[in-house]
Amino acid sequence: MKRPLPVRESSAAVSLAAKSAWALAQTGIVRPYRPDRVFRLTRTLLRWGTGPAGGYVGLADRLPEAVGVVDELGSLTFGEIHRHTNALARGLESL
């Protein structure tokens, strides 16, 4: 079992985290979200993790109309990628 940090170190860690969050928010990397969106993004992260699957599902939730992939045949949005991969997974599951 981990021992808790002393108050001074804990305070410094919280201060650093708050400063980092503030800096990320100011640059637009991290933005405030509505509570329902935070819930969906958290659920996606817990279910799919931080790998490619979780990234695409999260982006399909957040930005379904944004272009997710471009190749010689054209482009697909994150929402389209999500729908196509779900259809493929359902088809494979039924075999």
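The chain has four helices and two strands. Helices (H or I, at least four residues) and strands (E, at least two) are DSSP runs, numbered from the N terminus. From the N terminus on, the order is α-α-α-β-β-α. This is a predicted model, in which local features need pLDDT of at least 70, side-chain atom pairs count only at pLDDT 80 or more, and totals for chains, interfaces and linings use all residues. Residues are numbered from 1 along each chain as its sequence is written, and side-chain values use heavy atoms, with hydrogens and water left out.

Consider burial across the whole chain. Of the 95 residues, 9% are buried. Buried means under 20% relative accessible area, exposed means over 50%, and partly exposed lies in between (1.4 Å probe, protein chains only). Now consider contacts, where contact means heavy atoms within 4.5 Å. Among contacts between residues at least 6 apart in sequence, 10% join residues at least 24 apart.

The axes of H2 and H3 come within 9 Å and cross at roughly 160°. Axes are lines fitted to C-alpha atoms, for helices over the stretch in contact, and angles run from 0 to 180 degrees between N-to-C directions. H2 and H3 are therefore roughly antiparallel to each other. Angles under 35 degrees count as roughly parallel, over 145 as roughly antiparallel, 65 to 115 as roughly perpendicular and the rest as oblique. The crossing of H2 and H3 is right-handed. A crossing is left-handed if the near helix is turned anticlockwise from the far one by less than a right angle, and right-handed if clockwise. From H2, the contact uses Arg40, Leu41, Thr44 and Trp48. From H3, it uses Ala53, Gly54, Val57, Gly58, Asp61 and Arg62.

Thr44 sits in helix H2. It counts as buried because its relative accessibility is 6%. Leaving aside neighbours within four places in sequence, Thr44 touches Gly49, Gly54, Val57, Gly58 and Asp61. Leu41 also belongs to helix H2. With a relative accessible area of 22%, Leu41 is partly exposed. Beyond its neighbours within four places in sequence, Leu41 contacts Tyr33, Gly58 and Arg62. Leu41 and Gly58 are 17 residues apart in sequence, but their C-alpha atoms are 6.0 Å apart.

Next, H3 itself. Gly54, Val57, Gly58 and Ala60 are buried in this helix. These residues cover an arc of only 160° around the axis, which puts them on the same side of H3. The arc is that of the directions from the helix axis to the C-beta atoms.

Helix H4 covers residues 78-93. Its 16 residues should span 22 Å at 1.5 Å a residue, and the end C-alpha atoms are 22 Å apart, which agrees. The expected span is 1.5 Å times one less than the number of residues. Phe78, Gly79 and Ile81 are buried in H4. Seen down the axis, the buried residues of H4 fall within an arc of 155°, so they line one face of the helix. They pack against H3, E1 and strand E2 (74-77). The face turned away from the buried side carries the exposed residues Arg83, Leu88 and Arg90.

How do H3 and H4 meet, and at what angle do they pack? The angle is about 125°, with the axes 8 Å apart. H3 and H4 are therefore oblique to each other. Their crossing is left-handed. On the H3 side, Tyr56, Val57, Leu59 and Ala60 take part. They meet Phe78, Gly79, Ile81 and His82 in H4.

Apart from neighbours within four places in sequence, Ala66 contacts Leu76, Thr77 and Phe78. The C-alpha atoms of Ala66 and Phe78 are separated by 6.1 Å, with the two residues twelve apart along the chain. Thr77 is in strand E2. Thr77 counts as buried because its relative accessibility is 13%. Leaving aside neighbours within four places in sequence, Thr77 is in contact with Pro64, Glu65, Ala66, Val67 and Gly68.
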